[in-house]
Structures are given as structure tokens and as C-alpha cells.
Amino acid sequence: MDSRWLTYGVAAVAFVLAAGVLAFSTGAIVPFLGDGYDPAAEPANGTHDGYKHTTVTVHDADSGEELGHVEAAIADTSRTRYLGLSATDDLPENRGMLFVHDGVAERTYVMRNMSFGIDIVFADADGTITTIHEAPEPAPGEDGNAQEYPGTGQYVLEVNRGWMAERGVEVGDEVRFDL
């Protein structure tokens with residue numbers, strides 16, 4: 001085999017991979033992933049729009065008292081975690097999205113194609129809250145990709161902006177749920 005063809009093949013694969021990374025990092029791929037999550041639709045048998053659901057309760061670290069709870073869609077695949085709440089018009093007060101990852105790691109969430117503000121809550125493998133961000137909706141003309149919110153966790157809960165503060169939730173409190 002001519003080494004020139006091998007070089008061309010390697011270059012083509014590198015180009016395709018680079019184009020894929022660029023498409024994901026800029027959000028250009030989002031329209032091809034689906035219409036987004038419709039939180040207003042009622043789950044049937046615990047599932048709708050391809051999402052399983054769970055009730056997430058937040059408990060005070062000291063007293064164990066329940067501070068609040070939401071019905072959360074579970075984003076546990078690459079596709080659902082990437083799409084998240086992007087292209088979702090609004091989120092009812094009692095709803096949220098729980099992102100499930102394979103293990104605890106440093107992660108960064110963005111406000112890609114969001115039309116409302118959210119709290120972004122990182123929790124470790126035991127459900128202990130490590131970081132809480134109040135993320136405003138992107139400004140007019142912005143796509144939200146530049147709004148980055150880092151944290152460490154295996155789980156990330158997204159709820160309406162201010163939900164955590166209204167209930168007195170703090171870093172160190174705990175989220176509980178069944179998967």
C-alpha cells in the first residue's frame with residue numbers, strides 16, 4: 001500500500017473527529033438531537049419523551065429535614081446529558097432534570113439554548129451537594145455557550161433559578177433519589 005494513502009486516511013479521520021468536536025462544543029449538533037424535553041407532559045409509567053423520572057428530595061445535612069422535592073427527568077445517556085434542558089420553553093415549579101454520570105469528576109455545564117434561568121447543583125456519589133450555581137438565562141442575542149458553571153460531582157440537578165435559595169439549601173446538604 002502506498003504510504004501516501006495511509007497519510008490521507010489518517011488526515012481524513014482527524015478532520016472528521018475535529019469537525020465532530022467542534023460541532024458538539026459550539027452546540028451546532030443540538031438541532032439534530034431532538035426537540036428537547038417537554039416537562040409539562042405527564043409521565044406515563046414513569047417515562048415520557050424517552051426520559052425515565054425520579055423524585056429528588058433535598059435534605060438538610062444537620063437535621064435530615066426535607067427542604068423540598070421535585071419530579072426530575074433522568075438524563076443518563078450522552079445524548080440526553082448533552083441536550084439537557086436546551087430547547088425547553090420553561091420548567092414547571094415542581095420539575096427538574098437529574099444528570100447522571102458514571103463517576104465523580106470535575107464537570108462544566110453551560111446554558112446552551114436556554115430560555116430561562118436555572119440552579120445548577122453538583123452532588124458527589126453519596127448525594128452530598130458540592131456546588132450550587134444560580135445561572136441566569138442568556139442575554140438577548142447570546143446562545144449561552146459562554147456561560148460556564150464548573151463543579152465536582154457524579155450527579156447534577158437542574159431546577160428553576162432560585163429554587164435552592166428559596167428553600168435554604170446549602171453546600172453540604174444532600175439530594176436523595178432512586179434510579
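Buried means under 20% relative accessible area, exposed over 50%, and partly exposed in between, with a 1.4 Å probe and protein chains only. Helices (H or I, at least four residues) and strands (E, at least two) are DSSP runs, numbered from the N terminus.

Some ground rules. This is a predicted model, where local features need pLDDT of at least 70, side-chain atom pairs count only at pLDDT 80 or more, and totals for chains, interfaces and linings use all residues. Residues are numbered from 1 along each chain as its sequence is written, and side-chain values use heavy atoms, leaving out hydrogens and water.

Start with β7, residues 148–160. Of its 13 residues, 10 are buried. Strands pair if DSSP finds at least two bridges between them. β7 pairs antiparallel with β4, residues 95–110, over 10 bridges. β5, residues 118–123, also runs antiparallel to β7, through six bridges. Look at Y155 in β7. V100 stands opposite Y155, and A123 has Y155 as its bridge partner.

Next, T54. This residue sits in β2, residues 51–59. T54 counts as buried because its relative accessibility is 7%. Which residues does T54 contact, neighbours within four places in sequence aside? They are V70, E71, A72, I74, L98, F177 and D178; contact means heavy atoms within 4.5 Å. A polar atom of the T54 side chain lies 2.6 Å from the backbone oxygen of D178.

Last, E166, in helix α3, residues 163–166. Buried or exposed? E166 counts as exposed, because its relative accessibility is 61%. E166 and G68 are 98 residues apart in sequence, and 9.7 Å apart C-alpha to C-alpha.

How values were computed: A polar contact is a pair of N or O atoms within 3.5 Å; within protein, one must be able to donate a hydrogen and the other to accept it, and residues adjacent in sequence count only if both atoms are side-chain atoms.
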